[in-house]
Amino acid sequence: RRANPLVRLVTRDRGLYEISLGDLLGRTRRRVRTDRIRLSRQGEPVPFHAEGGKLYFLSEGAGANPYGNEAVYELEIGASGSRMPVRPASPNGETTRFYWEEIEQEENLLYYSTLLDASEPWLWSMLFAPARQSFPFEVSHPASIGEPARLEVRLQGASDFAATPDHHVRLYVNGGLVAETSWNGKRPQTIKADAWLQEGTNHLEIENLGDTEASYSMVLLDRFGVTYPRLPYAIDGKLDGRWTESGTSELFGLSSKSVVIDTSGEKPTWLTGAQATGDGLHFRVESGGSYLVRSREAILEPEIKWPSKSHLERTDHRAEYLMIGPTSFLSAAGELLAHRREQ
């Protein structure tokens, strides 16, 4: 489906975004019903919630775009879009003690286009055996429930010899050995383990031993994730997590104007009926449910870009060579364009 957007919304960070429909439509001097609004990304509809003259939607930001540092959404007028379902979630049932917090750590620092089996060409760090590297991560308000955190580390083999295996790797958390594994060749390897964490800074250490029969072993870190039981304290007005018990969740550090969204299903669901207390927010959670909660101050605003008029689709255009790139490259591109014209 070809979109004819009124405006494009640029997002870079993961979270809940808000725009003022009055400000957008006021510029065009148009009045429109919210059931005649469509939000989409790359042609696919994106669920949104409209309330009080505002439009809200969720974005993964740069995480949704493997080729850039932003995700762009298109807002159309006159087309029916996808709306978030609305469901009451008034406090009900016993108080839940904790939820599961997920930490995702990834940096794209090294580019390896020759690793054909890798999930992506951008990787984080190289361990040329023998090598041992430490990667710190922060943990806040861990819950003491007698159950460890869950660790998942994604590695990528980058050398391949006739010997079996090529690589031998060990994982440590805060100095204690939690897992080890071996594998062959230039293939990805995911290691899962349990670990006990502490408040504040924790350290994941990865050791490539280099003790196999291979001539050498080169292993790359792609990313790692940690899921741990956490007490329900919001940080900077934000909380995201998964609950394993049904009942009433008491979130500390949030106000009555906070937004609660159930992100468990195919569509996010806008929740109503959350009740504020003197020190937080209470609402109903379901076992296995994932929820995103934001204070008003933590709701993000997208960058707004108004589409410029273009005549590129006219059928009387003729060209044998078209160059597209950043404006800063135009001067350097001049020589190449001149060369093409001569051809």
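Let's start with one residue in this predicted model: leaving aside neighbours within four places in sequence, Leu155 is in contact with Val169, Trp183, Pro188, Gln189, Ile191, Ile206, Val219, Leu220 and Leu221. Leu155 also belongs to the largest nonpolar core, as you can read below. In soluble globular proteins, nonpolar side chains tend to be buried together.

**The nonpolar cores**
- The largest nonpolar core has 26 residues, and those touching the most other members are Val153, Leu155, Ile206 and Phe224.
- At least two residues of this core come from each of these strands: E13 (131-139), E14 (149-157), E15 (167-173), E16 (176-183), E17 (188-195), E18 (200-208) and E19 (218-230).
- Strand E19 gives the largest share of this core, with 5 residues.
- Another core lies apart from this one; it has 19 residues, including Ile19, Leu24, Phe48 and Tyr73.

- Met126, Phe128 and Tyr216 make a nonpolar surface patch of about 270 Å².
- You can find Phe128 in strand E12, which covers residues 125-128.
- Is Phe128 buried or partly exposed? Phe128 is partly exposed, because its relative accessible area is 41%.

**The chain as a whole**
- The chain holds 2 helices and 27 strands.
- Along the principal axes, its C-alpha atoms fill a box of roughly 75 × 70 × 30 Å.
- Of the 343 residues in the chain, 42% are buried.
- Among contacts with a separation of 6 or more, 77% join residues 24 or more positions apart.
- The accessible surface of the chain is about 19400 Å², and carbon and sulfur atoms account for 46% of that surface.

Conventions
Residues numbered from 1 in each chain as written. Predicted model: local features only at pLDDT ≥ 70, side-chain atom pairs only at ≥ 80, totals over all residues. Heavy atoms only, no water. Patch = residues over 30% accessible without salt bridge, like charges linked within 9 Å, V, L, I, M, F, W, Y side chains within 5 Å. Areas by Shrake-Rupley, 256 points an atom, 1.4 Å probe, with all protein chains shown as cover. Salt bridge = Lys/Arg side-chain N within 4 Å of Asp/Glu carboxyl O. Helix = DSSP H or I, 4+ residues; strand = E, 2+ residues; numbered from the N terminus. Buried < 20%, exposed > 50% of the residue type's maximum accessible area, 1.4 Å probe, protein only. Core = buried A, V, L, I, M, F, W, Y, C linked by side-chain atoms within 4.5 Å. Contact = heavy atoms within 4.5 Å.
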